[in-house]
Amino acid sequence: MTFHKTLWTILFATLLVTRNVSAQHEEVPPDVFEAQPDGYLYGDYPGVFDDAEGDEAFGDGITVEAWVYFTGRPPDRKLHHSGHWIIVAKPGSYYISVAGRYLDSELDRNKPEGSTWLIFAVEGRQGGRGLGGAQLQPEEFPLARWVHIAFQLVVKKDGTHDTVFYDRHGEGRGRFSGQMGRQNTPLMVGGARPVTFPIDAPDRHHPDMWEWGKFIGRTEFGAMEGYIDEIRISKGWRYVPKGNIHPKRNLRVDDRTIALWRFEEGPGAPFYRDSSGNDYTLFPGGSLAVQPRGKPVITWGSLKRGKF
């Protein structure tokens with residue numbers, strides 16, 4: 001009897017450990033985008049990924065969502081807007097990022113080490129801004145597992161309305177008094193580069209131009225540590241503002257889809273095609289490594305023929 005009891009105890013402990021390990025380290029498929037230091041993806045399609053006041057295409061708003069896998073935690077910050085890991089960004093309009101504790105903040109200083117912020121931000125047309133998101137305790141940060149995030153925006157006469165979803169749970173609904181900006185800047189994924197662009201009203205420090213670094217706090221942006229499996233940008237709000245949502249990892253294309261990147265080309269690809277059929281291809285920038293695919297002449301010929 002003692003032998004059997006001991007055996008069952010060992011089997012139960014083994015199953016428990018196996019379950020915990022699998023929960024903490026989910027599988028990373030080969031067909032994903034892998035973020036790299038000082039690297040990013042970009043798509044230079046002016047006016048496509050903004051929600052602009054009075055624009056018929058986005059009158060009902062816009063939804064930006066992604067499946068993300070973090071292999072590390074963002075470090076603590078000594079400056080309020082420094083050290084962000086960019087997931088998706090449209091400079092002058094909005095960005096989604098994660099950041100560590102802000103050590104000069106009484107609120108953050110008292111949080112446990114390893115606490116992080118998931119940040120959803122909107123930049124207004126004249127330099128105004130609105131911030132939202134969720135503060136995560138160390139045990140809540142989705143380290144080494146896939147997590148779904150979504151950010152919904154709509155511009156109305158009384159300001160910019162937003163809803164936030166993290167890990168399939170509604171995290172809140174807010175409104176920013178300013179109107180979200182719309183700029184002819186590229187969409188960036190997994191990291192970002194400094195961007196300068198004109199604004200409606202000059203400010204006293206930059207008479208003719210607005211630097212995106214002024215919004216975040218500096219012109220150097222950190223690439224996230226981890227992988228992105230899918231990103232979908234859609235017209236309108238896909239999800240009810242309250243309650244939980246249940247999107248699948250294999251996001252689908254429908255009549256609301258503006259762009260959907262599945263990253264089936266895998267890490268180091270020379271481009272990532274848009275599965276929506278709208279041909280909004282993403283290209284690597286910065287120091288992002290690109291795996292060679294035959295001779296350059298062949299690659300350029302494929303680009304010219306549009307064989308993505």
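Two strands pair if DSSP finds at least two bridges between them. Helices (H or I, at least four residues) and strands (E, at least two) are DSSP runs, numbered from the N terminus.

This is a predicted model, in which local features need pLDDT of at least 70, side-chain atom pairs count only at pLDDT 80 or more, and totals for chains, interfaces and linings use all residues. Residues are numbered from 1 along each chain as its sequence is written, and side-chain values use heavy atoms, with hydrogens and water left out.

**Overview**

The protein has 4 helices and 17 strands. Of its 308 residues, 50% count as buried. Buried means under 20% relative accessible area, exposed means over 50%, and partly exposed lies in between (1.4 Å probe, protein chains only). The accessible surface comes to about 15,500 Å². Carbon and sulfur atoms hold 52% of that surface. Areas come from the Shrake-Rupley method with a 1.4 Å probe; for residues, only the protein chains shown count as cover. Contact means heavy atoms within 4.5 Å. Among contacts between residues at least 6 apart in sequence, 64% join residues at least 24 apart.

**Strand 8 and its partners**

Strand 8 covers residues 146-156. Of its 11 residues, 10 are buried, so the strand is largely enclosed by the rest of the structure. Strand 3 and strand 9 each pair with strand 8, as tabulated here.

| Partner of strand 8 | Residues | Sense | Bridges | Facing residues |
|---|---|---|---|---|
| Strand 9 | 159-166 | antiparallel | 8 bridges | Y166 with I149 |

A hairpin of 2 residues links strand 8 to strand 9. In a regular strand the side chains alternate between the two faces of the sheet.

**Nonpolar core**

A nonpolar core is a set of buried Ala, Val, Leu, Ile, Met, Phe, Trp, Tyr and Cys residues joined through side-chain atoms within 4.5 Å. The largest one has 46 residues. F49, I87, Y94, I233 and W261 touch the most other members. Beyond its neighbours within four places in sequence, F49 contacts I62, K90, Y94, L187, I233, I258, A259, W261 and Y280.

**G243**

G243 sits in the loop between strand 15 (226-235) and strand 16 (257-261). The residue is partly exposed, with a relative accessible area of 42%. Not counting residues up to four places away in sequence, G243 touches F165, H169 and G170. The C-alpha atoms of G243 and H169 are separated by 6.6 Å, although the two residues are 74 residues apart along the chain.
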